[in-house]
Amino acid sequence: MSALRELYQEVILDHNKSPRNFGRLEHPDRKVDGYNPLCGDHFTIFLKLNGDVIEDIRFDGAGCAISKASASVMSSVVKGKTIAEAEELFGLFHRLVTGEGDPMEQVERLGKLAAFSGVSEFPARVKCATLAWHTLHTALRTGEHRTTTE
Amino acid sequence: MDAAVMTMKTAEKFDGTQVRGDFPILRQRVNGKPLVYLDNAATSQKPQAVIDAMNRYYLEENSNIHRGVHFLSDKATQSYEAARTAIARFINAPAPRQVIFVRGTTEAVNLVAASYGRVRFREGDEVLVSAMEHHSNLVPWQMVCEQTGAMLRIIPMNDRGELFIDKYEKMFNSRTRFVAVVHVSNVLGTVNPVAEIIRIAHGNGVPVLVDGAQAVPHMRVDVRALDADFYAFSGHKMFGPTGVGVLYGREELLEAMPPYQGGGDMIKSVTYHKTVYNDLPYKFEAGTPNIVGGVGLGATIAYLESLSFGAVAAYENDLLAYATERLAEIPGLRIIGTAREKASVISFVLEGIHPHDIGTILDDDGIAIRTGHHCAQPVMQCFGIPATARASFALYNTKHEIDILVKGIHKAQKVFS
């Protein structure tokens, strides 16, 4: 059960059960839908920007534990960060869940995101872990439309 | 239940453990545990006899068919055409020329949608499909409706996943041109009363295509007893190879239809400006076909005919009843699809646990199930759920494996408790 325990770490189970920043933002600066057509997971991300700083973030929608926890943890780590910092975290996170590079090297910068290290052992679940991040990326880059993991 | 199912002999006793040895892949261990393969509605495993027949074809017979005058071409042609004859006998088609080899059920439906629907449907015509169709028997009809201006109407179902036959009967009018319906639902397991559905359509002078992809592995299908106009199925879901399937069609309909694709083998004579098409079934088989697939499907039929289909069906019903009972005992588990007539497919959802997470946790114990929308998103919308977990059983599964599944579900609940 070790790979499984590695995947469903306490942090992930906790964020799945009680997602942070869950809900909608009134009058967001950016609002983007993310959808995984393979499994039907869908999240909407709402952003409030102050210059290039993510002042507030909420997410809404439904999906598996990995995708929901990922959206939740993401929302808590990017709040207050600049767009560039958020994008950099996405890069780090992406390398972590796809098993590229040495995650331990970056462990300090990853912080809570390190809880997703087990995902790399489950290639079928990488899309679950990255759905919210792809959606955020689209929101930061372009504004209002829909993104998918396909 | 359909007449074809009722007439099967049930005297002999069958047990899945008798045939497990025929399927080499089942000996495999996954994550250190014996493989429990419960994803048969997605694709089934292949018996050694089928694998051997395909190997033998490449080792001893490989050649192109129909055109060669040499020894190997003759042998390959004979093997391929023998498979067609075996399939015709298996489904009780009047003649082998009514058995058209295609890539699978999806291509069969697309063929009929293009060569029958696109040619005949007019603006305002109506095509009926059921609310439980797989995308493969829905999207081709949406496409042809878009092209012709015909309208798609949906035969509704109740919350057990059974079609409302009385409502279906009332949907016919002077503009109804076609009915496309699934025999056994890949999500809900429902066995639709297709003989009755066809009888009602024929009473209104409307032809019917039956998607039999999930039916053929579980029951004896008799296209004449059903009176089907078109019947489509895939090799890989009935213990045969991928990439080959069958479209059965009523002869006069097939004769009147233009070819689906143009190319070699589907012609009698060609000049720069005019082609005379070949006879059935070749008219619909342009290009070098999946010869080894056809040969493998022939071997599959021989394998299935070596078993008593009635006894197998009884065994699978017993498995389904056992699995339904054991799963229903699990707190927080809801079975999606509770039709009175069901094949051995069980979709379920667990309170508080997404199907994907169930799938990953079961996989850790070597249990293969399918999770997601099962290429039937409208069915998910109908039941107000984004996805299900689905266990689907074949003749080689056992009650012991169902016990392992139940244990795995308890484990998933523990992880998320």
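Predicted model: local features only at pLDDT ≥ 70, side-chain atom pairs only at ≥ 80, totals over all residues.
B:Val292 touches B:Met54, B:Tyr57 and B:Tyr58, leaving aside residues up to four places away in sequence. B:Val292 itself sits in helix α11 of chain B, which covers residues 291–305. Is B:Val292 buried or exposed? There are 22 C-beta neighbours inside 10 Å, and the cut-off for buried is 20 or more, so B:Val292 counts as buried. B:Val292 also comes 8.3 Å from B:Asn62, C-alpha to C-alpha, although 230 residues separate the two in sequence.

Staying with chain B, let me move to the domains. Chain B is divided into domain 1, made of 3–47 plus 308–415, and domain 2, made of 50–305. The centres of the two domains, taken over C-alpha atoms, are 27 Å apart. How many residues of domain 1 of chain B are in contact with domain 2 of chain B? The count is 33 residues on the domain 1 side, against 36 residues of domain 2. On the domain 1 side, α1 (3–6), α12 (309–328), β14 (345–350), α14 (377–383) and β17 (388–392) each supply at least two residues. By class, that side divides into 19 nonpolar, nine polar and five charged residues.

One element on that list, α12 of chain B, also packs on another helix. α12(B) and helix α15 of chain B, residues 399–415, have axes 10 Å apart and an angle of about 20° between them. An angle under 35 degrees counts as roughly parallel, and α12(B) and α15(B) are therefore roughly parallel to each other. The crossing of α12(B) past α15(B) is right-handed. From α12(B) the contact uses B:Leu319, B:Tyr322, B:Ala323, B:Arg326 and B:Leu327, and from α15(B) it uses B:Lys399, B:Ile402 and B:Val406. That contact has six nonpolar residues, two charged residues and no polar ones.

Now some backbone details in chain B. As background, most residues other than glycine have a negative phi, and most peptide bonds are trans. Which residues are joined by a cis peptide bond? They are B:Leu280 and B:Pro281, with omega at about -5°. B:Pro281 lies in the loop between β12 (275–277) and α11 of chain B. That is the helix that holds B:Val292.

Next, positive phi. B:Asn92 is not a glycine, yet phi there is near 60°. The residue is in the loop between α4 (71–90) and β4 (99–102) of chain B. B:Asn92 has 15 C-beta neighbours inside 10 Å and so counts as partly exposed. B:Asp265 is also not a glycine, and its phi is positive at about 75°. You will find B:Asp265 in the loop between α10 (251–256) and β11 (267–270) of chain B. With 16 other C-beta atoms within 10 Å, B:Asp265 is partly exposed.

Over to chain A, and two helix pairs. Two packed helices are described by the angle between their axes and the distance between the axes. α4(A) contributes A:Ile83, A:Ala86, A:Glu87, A:Phe90, A:Phe93, A:His94 and A:Val97 to the contact. α6(A) contributes A:Val126, A:Ala129, A:Thr130, A:Trp133, A:Leu136, A:His137 and A:Leu140. By class, there are ten nonpolar, three polar and one charged residues in this contact.

In the second pair, helix α2 of chain A (residues 10–17) packs with helix α3 of chain A (residues 65–78) at an angle of about 85°, with axes 8 Å apart. How are these two oriented? That angle makes α2(A) roughly perpendicular to α3(A). A:Ile12, A:His15 and A:Asn16 of α2(A) meet A:Ala65, A:Ile66, A:Lys68, A:Ala69, A:Ser72 and A:Val73 of α3(A). The classes here are five nonpolar, three polar and one charged.

Last, the contact between the chains. Chain B gives 13 residues to it and chain A gives 15 residues. Which helix provides the largest share of the chain B side? Helix α13 of chain B, residues 355–364, does, with five residues. The chain B side divides into six nonpolar, five polar and two charged residues.

Terms used. Residues numbered from 1 in each chain as written. Chains lettered and ligands numbered in written order. Contact = placed C-beta atoms within 7 Å. Helix = DSSP H or I, 4+ residues; strand = E, 2+ residues; numbered from the N terminus. Nonpolar A, V, L, I, M, F, W, Y, C, P; charged D, E, K, R; others polar. Buried ≥ 20, exposed ≤ 12 C-beta atoms within 10 Å, placed from the backbone. Domains from an automatic or database assignment. Axes fitted to C-alpha atoms, helices over the stretch in contact; angles between N-to-C directions. Parallel < 35°, antiparallel > 145°, perpendicular 65-115°, else oblique. Left-handed = near helix turned anticlockwise from the far one by under 90°.
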